Amino acid sequence: MTSTITLTRPDDWHLHLRDGVVLRDVLPHTARQFARAIVMPNLKPPVTTAAMATAYRARILAALPEGMHFEPLMTLYLTDNTSADEIHRAVDSGIVHGVKLYPAGATTNADAGVTDLGRCMAALEQMQALGLPLLVHGEVTDGEIDLFDREAVFIDRVLIPLRRQLPALKLVFEHITTKEAVHYVQEAEGHMGATITAHHLLYNRNALFKGGVRPHYYCLPVLKRETHRQALIAAATSGNAKFFLGTDSAPHPKGLKEHACGCAGCYTALHAMELYAQAFDQAGALDKLEAFSSFHGPDFYGLPRNTDTVRLERTEWRIPDELPMGDSTVVPLDAGQSLNWKFV
Ligand code: DOR
Ligand code: ZN
């Protein structure tokens, strides 16, 4: 049995770092494991301009503990009012690597998101022309559509028409959760990738209700049936370069998760690589972990692969019950349970 794995240092292609005191507490977890991360812009207020992204990047770097290295790859938050000029400024800044599409109201801090993609055409055409990727939260927000079907319906209603209109637009289908999304990405022509979280590889929707309501397994897009989880495992371990690592680690204070109307998001930054290793190990595909974690992402974004390495050991350890976060705490995924891999 393999007892250690050495990997080229991975990157996280989808991450929520938040801001202020929370940022200070969560950033070291990510920076310990990953060299770079695509940083989501859903702050309050959202990061909608190149100037705001530049300022946010400076706050992230200022929060990084001495001696740690980490490169935040910034994103803009697409709104109905994002102009083609702003896209130009973003590309000129050299620090913005994508523009995030949140359908209005889809998830945490998505109120300012896009109400109608038709209103964003000037920005999207500019992104296509300049090669700046669109990072998509792929769920319709139509209350008539069953929560578990929102990703599949998004493909038909939004993604297919959009890609017909802008076939050369670079696009990442973020945190995919269904076999429909896996198939769509596999078949798609052009420059298309998809991120997959560790929690969607490890759990199906039973985890949300095992013995009672379990808010720490609630995220968006929500966990799906086992058949979908298996499709995600097959995609992640296939070696197909379209699929890469994106944790979607999304910290919320414990009290807002364990709440009558709990927030969406799983906190996995603490133990991200261990969780992915567990999922790949269970699938008998540890040999596919490095390309998924460390090669496919930078290749998609046109960035160099990292040159240093990290090591994981097969050692059992217990995930803490909670971790300090600002004036509260955050509960990591699988808190109190044991993991078989340890990042060393
Ligand atoms: O579960 C989620 N949490 N999904 C998202 O899309 C947003 C994220 C957050 O920011 O908390
Ligand atoms: Zn996210």
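Predicted model: local features only at pLDDT ≥ 70, side-chain atom pairs only at ≥ 80, totals over all residues.
Now go through the polar contacts.

- Pick Asn-42. One of its polar side-chain atoms lies 2.8 Å from an oxygen atom of ligand 1.
- Move to His-137. Here a polar side-chain atom lies 3.3 Å from an oxygen atom of ligand 1.
- Go on to Leu-220. This time the backbone takes part: a polar backbone atom of Leu-220 is 2.8 Å from a nitrogen atom of ligand 1.

On its own, ligand 1 has 290 Å² of accessible area, and the protein covers 100% of that. Hide ligand 1 and look at the space it takes: this is the largest cavity.

Next stop: the metal. Select ligand 2, the zinc ion. Its protein donors are His-14 through NE2, His-16 through NE2 and Asp-248 through OD, and they lie 2.1 Å from the zinc ion. Find these donors along the chain, where their spacing reads H-x1-H-x231-D.

Are His-14 and His-16 buried or exposed? Buried means under 20% relative accessible area. His-14 has 0% relative accessibility, so His-14 counts as buried. His-16 has 8%, so His-16 counts as buried too.

Conventions: Residues numbered from 1 in each chain as written. Chains lettered and ligands numbered in written order. Heavy atoms only, no water. Polar contact = N/O pair within 3.5 Å; in protein donor to acceptor, adjacent residues only side chain to side chain. Areas by Shrake-Rupley, 256 points an atom, 1.4 Å probe, with all protein chains shown as cover. 1 Å grid on protein atoms, 1.4 Å probe; cavity = no way out; pocket = protein on both sides within 12 Å on 5 of 7 lines; lining within 4 Å. Sits in = over half its atoms within 2 Å of the grid points. Donors = N, O, S within 2.8 Å, 3.2 Å for Na, K, Ca; no water. Buried < 20%, exposed > 50% of the residue type's maximum accessible area, 1.4 Å probe, protein only.
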